[in-house]
Amino acid sequence: MFDSEQKMQEWLSKKLSEATESGGGLNDIIDEFNENSHGKSRPETRVIDSYHQCLESLGVNEVIFEDENISLKKGDILKPDFLLYAPGTESLVILELKNIANPTRQVGTELGAYSGELKSHLPFISDADIIHVVIASHWPTLLRHYIFNEIFWMQRNILCLEPYEKENDQVGLRAIPPASLIEGDVPLAISPKHI
């Protein structure tokens, strides 16, 4: 859909600029997400709750940085694709883009590094005040497992989006179905042998 990640970033930069100039945010760019959906399992419900938490922070946004170094250490380079501020929830939003299949494995490393650096800037910020949005063209097994672990076991707020082709060769964003992030059954019962 995009020739490169740079083209994807340019497209999103233009769309975000249009949305924020009119007092909106990333929510204005997202076309498809069934906000009334209910999970069929506890893990799926947690993913849906994560999506809702993220969407609350995407109604009004200000772009703080776009592909700029946020590292405090001289010589280190940490460049999130976008760093947004959500005044409504007083949250920081890290937006990471991936346009080709293989580099999606880097998402986990990058999100962790960017979150850690933000905590260096703001030592008392909580995980709940950092929202992660991943926009990827491909969602391989490794990335889906990583995202599920972060949302379900680590209780982080992550929204998973993918670009798609709309009518008239337009590009839109839609949420990855929460059920597609669940890999197998998660045993939540405790055996008497564990007590």
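Predicted model: local features only at pLDDT ≥ 70, side-chain atom pairs only at ≥ 80, totals over all residues.
User: Is serine 115 buried or exposed?

Analyst: Relative accessible area decides that: under 20% is buried, over 50% exposed, and in between partly exposed (1.4 Å probe, protein chains only). Serine 115 counts as buried because its relative accessibility is 10%.

User: What does serine 115 touch?

Analyst: For contact, look for heavy atoms within 4.5 Å. Setting aside residues up to four places away in sequence, serine 115 touches Ile94, Ile130 and His132. With histidine 132 there is also a side chain to side chain polar contact at 2.7 Å. Such a contact is a pair of N or O atoms within 3.5 Å; within protein, one must be able to donate a hydrogen and the other to accept it, and residues adjacent in sequence count only if both atoms are side-chain atoms.

User: Now the sheet: in what order do the seven strands come?

Analyst: Strands pair if DSSP finds at least two bridges between them. Here the open sheet has the order β1-β7-β6-β5-β4-β3-β2, with mixed pairing. β1 (30-32) and β2 (62-66) are the edge strands, each pairing on one side only. Further in, β3 (residues 82-86) and β4 (residues 91-98) pair in the antiparallel sense over five bridges, and phenylalanine 82 stands opposite leucine 95 in β4.

User: How do the axes of α2 and α4 cross?

Analyst: Two packed helices are described by the angle between their axes and the distance between the axes. Axes are lines fitted to C-alpha atoms, for helices over the stretch in contact, with angles from 0 to 180 degrees between N-to-C directions. The axes of α2 and α4 come within 9 Å and cross at roughly 90°. α2 is therefore roughly perpendicular to α4 (65 to 115 degrees; under 35 is roughly parallel, over 145 roughly antiparallel, the rest oblique). Residues making the contact include Arg42 and Val47 of α2 and Phe148 of α4.

Key:
Residues numbered from 1 in each chain as written. Heavy atoms only, no water. Helix = DSSP H or I, 4+ residues; strand = E, 2+ residues; numbered from the N terminus.
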